[in-house]
Amino acid sequence: MLAAQNYIKLSKTNLYSAIFGRKIYEMMRHARLYPYLFALVVAFYCLVLARFGFENWDSGFINGFSWRLLQGEMPYRDFIYIRPPFSIYLHAILLRVLPETGQIYCIRIAGYLSFALISWCVVSGFDKVYRLRQLQLDKWAVMTLCFMASVHNFFADPWFTVDGILFASVAFYLVCRSRNLSLAQLFAVSLCCVLSALVKQSFYPIPIGFGLWILLKEGFRKAAFFGFFSAMLLGIFVAWLLSFTSWSLFLGQVAGVANAGNLYDTGFMNYLHIYHNKIIFGMVMALPLLISWFMCRKRPTLQDYLKWLAMVIFISAFLAVPFIRFKDVPVIFFNAVAAGLLYRIVKEKTLKPFLPVIALMMIGWCASLSLGYKTPVLFSGGLIVSYLWLMHEDFAALGLRRYYTSAGLAVCAFMLLLNIHPYRSQPITTLDCGMEAVSPKLAFIRSDKATLEKHLELKKLAQRFGPGYFTAPSLPLSHYLFGTQNPMPAGWLTNFEINGKVSGLLEAASRKKAYMFLEKSFLDGEPFIASDQNRKDFSQFAWVIYHKCRPIMQTRHFLVYQTDEIRKTL
C-alpha cells in the first residue's frame with residue numbers, strides 16, 4: 001500500500017514536471033542540445049522569416065544613404081544626415097561586398113545575425129561574471145529567449161539603434177570576460193564604445209558609462225587609459241570629418257535634432273507614464289506594501305517593499321500584453337529590473353557586484369531614447385538576464401524556478417507568433433508576391449500585391465523620367481533599387497529627417513531639372529498620418545508641393561511634378 005502511494009506521488013511529480021517543462025529542460029541540458037536549438041532558431045529567422053515583408057520607410061533609408069556613399073557622395077556635405085555617420089558607412093560595406101541578386105535578403109540575414117551576436121555577447125559576458133549554471137539556467141537556452149525577445153517582429157534591415165546596441169554589447173562582453181583588462185583589451189573596449197556613440201546621439205553616454213565601470217572595476221590607471229584611447233579615436237574621427245566637411249555644417253545637421261525636453265520625456269517620463277492610468281500606477285505602487293505586510297505581519301522595510309515592487313511590476317508587464325502595444329511592455333519590464341536592482345543594492349549594501357547589471361540597463365536605456373521607437377525592446381535580452389539574476393534567490397524561496405521553462409516557452413511562442421505580422425506589413429499568409437520583378441536586389445523577398453504593384457509603377461516612372469527624379473515624402477530605397485542617383489540633398493523628405501530645413505530643400509529642388517513622384521498614399525492616409533495637419537507635420541515639403549504646384553500627370557499611386565513648378569512656391 002505504501003509503495004503504491006509512493007508510486008502515485010512520484011507519477012504526479014513527473015507529470016507536474018512534464019506539464020511545466022522542467023523535465024524537458026533538464027533532458028535537453030544534459031544532452032547539450034541548447035546550442036543546437038539556438039542555431040536552429042537563428043537559422044529559421046535568417047532563412048525563412050527574412051524573406052517576408054517589404055516596407056520602404058524605416059527599413060529602407062539606411063541602405064538608401066549607404067547607396068549614396070557608393071555613388072561618391074559624402075554625408076553632411078552632399079546630403080543631409082542628422083546622426084553620426086558610422087551606420088551608413090558600415091552598411092555601405094555590405095552593399096559593396098554582397099552579390100546584387102538577392103542583396104536585400106542577404107542584408108536581412110546579416111541583420112538577424114547581428115541580433116544573434118548581441119544575444120551571445122550579453123549572455124556570455126553575463127555568464128562569465130555570474131555563472132548562470134549556478135542559477136540552474138543553461139546559457140544557450142537563455143540566449144535563445146533573449147534573441148527572440150529582442151527581435152520580436154522588428155525588421156532585420158539596417159537600423160542605427162541595432163548597430164549601437166551591437167557595439168555596446170561587444171564592449172560589455174570584453175569587459176566581463178577579463179578580471180584584469182590589458183591595454184589591447186582596453187583599446188578594443190574603447191573602440192567599440194566610440195563606434196556605438198558614432199551611430200546615434202542616444203548612445204553618447206556609452207563611453208562615459210563604460211569609463212565609470214572600468215574606474216570602479218579596475219581602478220584609476222585603467223580608466224585613464226580607456227579615456228585616452230577614447231579621446232584619441234574621437235580625435236581621429238573629427239580629423240577625418242573635417243577632411244570633407246566643416247564642423248559647423250556637421251553640427252548644423254546633427255545637433256538640435258532633439259533637446260533636453262525630448263530627453264526628459266523619452267528617458268524619464270516615458271517610464272513613469274507607461275501605464276497611462278493613474279489608478280493602475282497607484283495600485284502597482286501600493287500593492288507591494290500590502291503584500292509585504294501580509295507576508296511578514298509587520299511594518300515592511302524598504303528592502304521588503306522594493307523586493308515585492310520588482311515582482312509586482314514584473315507581473316504587471318505580463319498582464320499588460322493584451323492591452324498595450326507590445327513594444328511598450330519592455331518599458332514596464334525595465335522598471336521591474338530597476339526596482340530589482342535597488343532591492344539588491346539595499347540588501348547587499350554595496351554597488352560593485354551590480355556594475356554589469358547597471359551597464360546592461362544603461363545600454364537598454366540608451367536604446368530607448370528615440371522619438372519614434374522609445375522602448376528598450378531591441379535590448380530585451382539584457383533586461384531578461386539582469387532580472388533573472390537579481391531575483392533568483394527570491395524566486396527559489398517562493399518555488400518559482402519550476403516555472404522557468406514553461407514561462408520561457410510561452411514567451412518564445414508569443415514572439416514567434418508576432419512575426420505573423422512583419423513590421424508594417426500585411427499578415428505573412430498574404431505575402432505571396434515575389435518582388436524580383438522590381439529589382440534583382442529584391443530576389444527571394446515576398447510582399448503583398450499592393451506593394452508589388454506600387455513599386456512596379458515606380459520603376460516605370462523612373463525609366464520614363466529618370467535618372468533625374470526623386471520621391472516624396474518616402475520610398476527612400478528607390479534609387480538603390482534602380483541603380484540611380486538622387487538629385488536631392490536629402491534621402492527621406494520628412495520634417496524630422498531633414499531637420500526642418502524645408503525652405504532650403506524647396507529652393508534646392510527648384511534649381512534642379514528633375515521630376516518628383518509624390519505618393520498618393522501620403523494623401524490618402526499612410527499609417528500614423530491621419531489628418532492634413534499631421535501630413536504637414538510629417539512632411540511639409542510634400543504638403544507644400546501638393547497644395548501649391550500642379551502635377552503634369554498622375555498614375556494609380558503617384559502624382560508627377562516638374563521641379564520647374566516649385567519655383568512658383570518660393
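Modeller: Glu-55 counts as buried because its relative accessibility is 6%; buried means under 20% relative accessible area, exposed over 50%, and partly exposed in between (1.4 Å probe, protein chains only). This is a predicted model, in which local features need pLDDT of at least 70 and side-chain atom pairs count only at pLDDT 80 or more, while totals for chains, interfaces and linings use all residues. Residues are numbered from 1 along each chain as its sequence is written, and side-chain values use heavy atoms, with hydrogens and water left out.

Colleague: Where is Glu-55 found, and with which residues is Glu-55 in contact, leaving aside its neighbours within four places in sequence?

Modeller: Glu-55 belongs to the loop between α3 (34–47) and α4 (61–70); helices (H or I, at least four residues) and strands (E, at least two) are DSSP runs, numbered from the N terminus. Beyond neighbours within four places in sequence, Glu-55 is in contact (heavy atoms within 4.5 Å) with Gly-60, Tyr-423 and Arg-424. The side chain of Glu-55 also reaches the backbone nitrogen of Asp-58 at 3.2 Å.

Colleague: Which residues is Phe-210 in contact with, leaving aside its neighbours within four places in sequence?

Modeller: With those neighbours set aside, the contacts of Phe-210 include Ala-168, Phe-172, Val-189, Cys-193 and Met-362. Val-189 and Cys-193 are also among the buried residues of α9, and the buried residues of α9 pack against α5 (86–97), α8 (160–176), α10 (205–218) and α11 (220–241).

Colleague: How is the span of a helix checked?

Modeller: The expected span is 1.5 Å times one less than the number of residues. For the 17 residues of α21 (residues 449–465) this should be 24 Å, and the end C-alpha atoms are 24 Å apart, which agrees. Asp-448 caps the N-terminal end of α21, with a side-chain oxygen 3.2 Å from the backbone nitrogen of Ala-450.

Colleague: And what is the order of the strands in the open sheet?

Modeller: The open sheet of 4 strands runs β3-β4-β6-β5, with mixed pairing; two strands pair if DSSP finds at least two bridges between them. β3 (469–472) and β5 (553–554) stand at the edges with a single partner strand each, so one side of each lacks a neighbour in the sheet.

Key:
Polar contact = N/O pair within 3.5 Å; in protein donor to acceptor, adjacent residues only side chain to side chain.
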